[in-house]
Amino acid sequence: MPASVQHAAKPALHPVHSCAVAGERVKLMVQNRAILGSAEARRLRHQGIIPGVLYGREEPVAISIPERDLRTALTSRGGLNAVLDVVVEGGKTHSSVLKEYQQDPVRGLITHVDLQEVRLDQPIHATVPLTLHGEPVGVKEGGILSQVTNELNVEALPMEVPEHLEIDVSELRIGDTLRLSSMPATPGVTLLDDPEQTVLATVTQPRTEEEPETVEAGAEGEEAAGEDEGEAAESQGEPEAAADGDAE
């Protein structure tokens, strides 16, 4: 998910480790969007232009962005957390981040964006990917590694938002659980998730092969029992048929 630009009112909770920061600034030329409405938005999309809104320090501004330029900006090293130097029709530059975006459910293309102007000297909240590094000891012993958390919420200055977070799992053994509290500290970046309640990864014992056989055996027993009940019902029904014939 992209950055949430609510300025933090409280100090950081828990520092985290990151191998790199996004630290990317991309210039983005946009146009004012004078005509609003869904029909106009569809027309723009057919022309390869994405409608959006720039939420500034004053009034929001309806904008339109060439799809190719937007895609280039959001696939830079900073990704969805890149700082966008938004220039509206040759005017002044607005340092902004991606606030929200909408995608086509079928094709996956971005259909609308909300940009938020930020101050580079004030921290913001952002969501960054989590990467597991190394092969756990437990996996070498036959265990199964499961990544429970794929993204983490952080707080940092816009230019110091991590490109991704990384943690070493090579020491995990079968039965071990890795929590957020195990993350090393990195100055300037803080984690907003609960360090004790947030599970990052686990290594578990693989399931045995006997369980499906037990289920199948139980199913066969139920099937046999059903057949016995059916036969009993049929045998009980025969005298009744005979009795009906006698009555006629």
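In which loop is Val169 found? Keep that residue in mind, because the tour ends there; Val169 sits in the loop between β12 (162-168) and β13, where helices (H or I, at least four residues) and strands (E, at least two) are DSSP runs numbered from the N terminus.

**Before you click**

This is a predicted model, in which local features need pLDDT of at least 70 and side-chain atom pairs count only at pLDDT 80 or more, while totals for chains, interfaces and linings use all residues. Residues are numbered from 1 along each chain as its sequence is written, and side-chain values use heavy atoms, with hydrogens and water left out.

**Stop 1: the whole chain**

Colour the chain by pLDDT, the predictor's confidence in each residue, from 0 to 100. The mean is 80, and 74% of the residues reach 70 or more. Now select residues 4-19: pLDDT stays under 50 there, and the model has 53 contacts beyond four places in sequence for this stretch, a contact being heavy atoms within 4.5 Å. Residues 238-248 also stay under 50, with zero contacts beyond four places in sequence.

Switch to cartoon and you will find four helices and 15 strands. Of the 248 residues, 35% are buried, meaning under 20% relative accessible area, with exposed being over 50% and partly exposed in between (1.4 Å probe, protein chains only). Among contacts between residues at least 6 apart in sequence, 71% join residues at least 24 apart. The accessible surface comes to about 14,800 Å², with 49% of it belonging to carbon and sulfur atoms; areas come from the Shrake-Rupley method with a 1.4 Å probe, and for residues only the protein chains shown count as cover.

**Stop 2: the barrel**

Select β3 through β8. These six strands form a closed barrel in the order β3-β5-β4-β8-β7-β6, with mixed pairing; two strands pair if DSSP finds at least two bridges between them. On average, neighbouring strands of this sheet are turned by 45° against each other, direction ignored. Axes here are lines fitted to C-alpha atoms, for helices over the stretch in contact, and angles run from 0 to 180 degrees between N-to-C directions.

Zoom in on β4 (49-55) and β5 (61-66). They form a hairpin with five residues between them and pair in the antiparallel sense over six bridges. Show Leu54 and you will see Val61 of β5 opposite. On β3 (residues 25-32), the antiparallel pairing with β5 runs over two bridges, and Gln31 stands opposite Ser64 in β5.

**Stop 3: helix α1**

Next, select residues 38-46. This is α1, which lies across β4, β5 and β8 (110-117) and runs at about 125° to β4. Which residues of α1 are buried? They are Glu40, Ala41 and Leu44. These residues cover an arc of only 100° around the axis, which puts them on the same side of α1; the arc is that of the directions from the helix axis to the C-beta atoms. The buried residues pack against β4 and β5. Just after α1, click on Gly48, which takes a positive phi of about 80°.

**Stop 4: helix α2**

Move on to residues 67-74, helix α2, which lies across β3, β4, β5, β6 (83-88), β7 (93-103) and β8, running at about 90° to β5. Leu70, Ala73 and Leu74 are buried here. They cover an arc of only 90° around the axis, which puts them on the same side of α2. What covers these buried residues includes β3, β4, β5, β6, β7 and β8.

**Stop 5: the open sheet**

Now pick β10, β15 and β13. They make an open sheet of three strands in the order β10-β15-β13, with antiparallel pairing. The edge strands are β10 (144-147) and β13 (177-179), each pairing on one side only. The twist averages 15° from one strand to the next. Between β13 and β15 (residues 199-204) there are three bridges, and the bridge partner of Leu178 in β15 is Ala201.

**Stop 6: back to Val169**

Is Val169 buried or exposed? At 0% relative accessibility, Val169 counts as buried. Show its surroundings: not counting residues up to four places away in sequence, Val169 touches Leu132, His133, Gly134, Pro136, Leu145 and Leu178. To finish, draw a distance from Val169 to Gly138: the two are 31 residues apart in sequence and 9.8 Å apart in space, C-alpha to C-alpha.
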